[in-house]
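Me: I have a structure open and have not looked at it before. Can you walk me through it?

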Amino acid sequence: MSLILGIDPGSRKTGFGIINYVSGRSEYVNSGEIRLPEGDLAGRLRIINDSVTELVELHCPQELAI
């Protein structure tokens, strides 16, 4: 079993998807979008960092793809 977190980076919208890869088959776990407010880039990057950290803590993926 391998839980994989995929990130589609963006400075306005950052997408993510999580799949569970077991015995050559992929199972959907979760997906979504991190929507970012207007503002400075540093603030948006902080939100992305915090959101991805929360996803990692919640799902504990073994692999990451960007």
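Reply: What follows goes from the whole chain to the sheet, the core and a few residues.

Me: Before that, what kind of model is this?

Reply: This is a predicted model, in which local features need pLDDT of at least 70, side-chain atom pairs count only at pLDDT 80 or more, and totals for chains, interfaces and linings use all residues. Residues are numbered from 1 along each chain as its sequence is written, and side-chain values use heavy atoms, with hydrogens and water left out.

Me: What does the C-alpha trace span along its principal axes?

Reply: About 45 × 15 × 15 Å.

Me: And what share of the 66 residues is buried?

Reply: Buried residues are 27% of them. Buried means under 20% relative accessible area, exposed means over 50%, and partly exposed is in between, using a 1.4 Å probe and protein chains only. The chain exposes about 4600 Å², with 54% of that supplied by carbon and sulfur atoms. Those areas come from the Shrake-Rupley method with a 1.4 Å probe, and for residues only the protein chains shown count as cover.

Me: On to the sheet. In what order do the strands sit?

Reply: The order is S3-S2-S1-S4, in an open sheet with mixed pairing. Two strands pair if DSSP finds at least two bridges between them.

Me: Which strands stand at the edges?

Reply: Strand S3 (25-35) and S4 do; each has a single partner strand, so one side of each has no neighbour in the sheet. From one strand to the next, the twist averages 20°. Axes are lines fitted to C-alpha atoms, for helices over the stretch in contact, and angles run from 0 to 180 degrees between N-to-C directions.

Me: Which pairs are parallel and which antiparallel?

Reply: S1 and S2 are antiparallel, joined by seven bridges, and they form a hairpin with four residues between them. S2 and S3 are also antiparallel, over 10 bridges. S1 and strand S4 (residues 63-65) pair in the parallel sense over three bridges.

Me: Where does the helix go?

Reply: H1 packs on the sheet and touches S1, S2 and S3, and its direction makes about 150° with that of S3. Contact means heavy atoms within 4.5 Å.

Me: Which residues make up the largest nonpolar core?

Reply: It has 10 residues: Leu 3, Leu 5, Ile 7, Phe 16, Ile 18, Ile 34, Leu 36, Ile 48, Val 52 and Leu 55. Strand S1 (2-8), S2 and helix H1 (41-59) each give two or more of them. A nonpolar core is a set of buried Ala, Val, Leu, Ile, Met, Phe, Trp, Tyr and Cys residues joined through side-chain atoms within 4.5 Å.

Me: Is S1 mostly covered or mostly open?

Reply: Mostly covered, since five of its seven residues are buried.

Me: What about polar residues? Is Asn 20 buried or exposed?

Reply: Buried, because its relative accessible area is 11%. Asn 20 is in strand S2, and Leu 3 stands opposite Asn 20.

Me: Last one: which side chain does Ser 2 make a polar contact with?

Reply: The side chain of Glu 63, at 2.8 Å. A polar contact is a pair of N or O atoms within 3.5 Å; within protein, one must be able to donate a hydrogen and the other to accept it, and residues adjacent in sequence count only if both atoms are side-chain atoms. Ser 2 lies in strand S1 and counts as buried at 12% relative accessibility. Glu 63 in S4 also stands opposite Ile 4.
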